[in-house]
Amino acid sequence: MKGPIFKRIEIKLVREVELAVTLIQIKLKKYSCVLLNTPLHGNLGDHAIALAELQWIKKRLPDVKCIEIPGDVLDEDWKHHILDSLKRKKLKYIFFTGGGNLGSLWMDDENRFVKAVEYFEDSNIIVFPQTIYFEDNQIGRKEMDRFLRVVKKRSLLKIIVRESQSFHLIEKKAAKQNLFLAPDIVMTYEYKKEGKRSDILVCFRDDKEVKDKEIRSSIIEAVRKKYGAEKIIRTNTDMGIVRIPRCLRKLFVNWKLKEFSQAKIVVTDRLHGMIFALITGTACIAIDNLSGKISSVYRWIQDIPFVYLIRNKDDINEVVDKLNVGCEYSYDVGYFREKFDRIMAEVLNEYEWN
């Protein structure tokens, strides 16, 4: 078990190494594209997003050389003038990573976004699919005002959101023209299942986005009652305060996907818990989170026959009875790739890709 001192050393070491690597890339590498605010933290959903984004850039913009700037590295801009160096490059594409971190819940990411948009005010900035959420309190309303002021001023800023709730918020409040709706990019990530299925995998949040702990307990009780012979395994898509360097990102994400692919059922209130179940063809019961992003994103996949969303306690027994844990499901990644490509062609003013 790692003690707090060791963890702090580990975090600092990863940050310093990633900073050094990034500064070398900025200075020596030839590139015309940058992906901002990629993760070093332990949330594997965000790492899967970064993997899928870089995979998409490589496939659809093959002549473009892209580097990524992790969020932790952006925090060192005051000392190393990272944004100044990028601005001098006259970049063709500036991407800001997707996820669920714009708004008032995760202020580190929100502040990086605002700073980048203000800094590159005369550049095209494209935000990969995001959820944008502001709390209904004084802090949330104040941050919404700041966010909207920045967004309204930048006609070259193109924001892609991954669900209608965020789309209507920005459309209504900012009258934003360059606003697009697309699936979460992890839905375009291909994974080949491996191993036999066993056990029930429970993947619950333990942070500020938890919405309803009572309904979680009721679902576990119903699942245990029907599938009592199956062992319940608890997992998480967030590794806590562990830092994951870029060189280990794919290893960690695929390790977690393997865990999901070997379960008979997944029960989760994490968005990427639901999406990991989806892309591994695993039967899933999903519950909404505080920001509503799970129920909103679920609309993209509501016709998928093995992923169910429980909206209230009255739905529990009906959904549990519908589960067919003995069936091997497949996931058509090509459908979501085609849908995502069509939207990105519009965003980038490109023709359709072959």
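Reader: How do the residues lining the second largest pocket divide into nonpolar, polar and charged?
Author: This is a predicted model, where local features need pLDDT of at least 70 and side-chain atom pairs 80 or more, while totals for chains, interfaces and linings use all residues. Numbering runs from 1 along each chain as its sequence is written, and side-chain values use heavy atoms, without hydrogens or water. A pocket is an open set of points on a 1 Å grid over the protein atoms alone, with protein on both sides within 12 Å along at least five of seven lines; lining residues have an atom within 4 Å of a point. With Ala, Val, Leu, Ile, Met, Phe, Trp, Tyr, Cys and Pro as nonpolar, Asp, Glu, Lys and Arg as charged and the others as polar, this lining divides into five nonpolar, two polar and five charged.

Reader: Which elements give two or more residues to the lining of the second largest pocket?
Author: The lining includes L51, L54 and Q55, along with C66, I67 and E68. R249 and K250 are also among its residues. Taking helices (at least four residues) and strands (at least two) as DSSP runs, the elements are α2, β2 (66–70) and α10.

Reader: Which element gives the most to the lining of the largest pocket?
Author: The lining has 38 residues, and H41, N43, D46, W106 and D238 lie nearest the centre. By class, six are nonpolar, 16 polar and 16 charged. β1 (33–38), α2 (44–60), α3 (71–74), β4, α6 and α11 each give two or more. The top contributor, with four residues, is α6.

Reader: Is α6 roughly parallel or roughly perpendicular to α7?
Author: Take axes as lines fitted to C-alpha atoms over the stretch in contact, with angles from 0 to 180 degrees between N-to-C directions. Helix α6 (residues 107–119) and helix α7 (residues 138–153) have axes 10 Å apart and pack at about 25 degrees. Angles under 35 degrees count as roughly parallel and 65 to 115 as roughly perpendicular, so α6 and α7 are roughly parallel.

Reader: How many residues of the contact of α6 with α7 are charged?
Author: With contact meaning heavy atoms within 4.5 Å, α6 brings M107, E110, N111, F113, V114, V117 and E118, and α7 brings E143, R146, F147, V150 and V151. Seven residues of this contact are nonpolar and one is polar. The charged ones number four.

Reader: Which residues of α11 make the contact with α10?
Author: Helix α10 (residues 249–261) and helix α11 (residues 271–279) cross at roughly 70 degrees, with axes within 9 Å. That makes α10 and α11 roughly perpendicular. K256, L257 and F260 come from α10, and α11 supplies G273, F276, A277 and I279.

Technical notes:
Angles under 35 degrees count as roughly parallel, over 145 as roughly antiparallel, 65 to 115 as roughly perpendicular and the rest as oblique. On a 1 Å grid over the protein atoms alone, a cavity is a set of points where a 1.4 Å probe fits but cannot get out, and a pocket is an open set with protein on both sides within 12 Å along at least five of seven lines; lining residues have an atom within 4 Å of a point.
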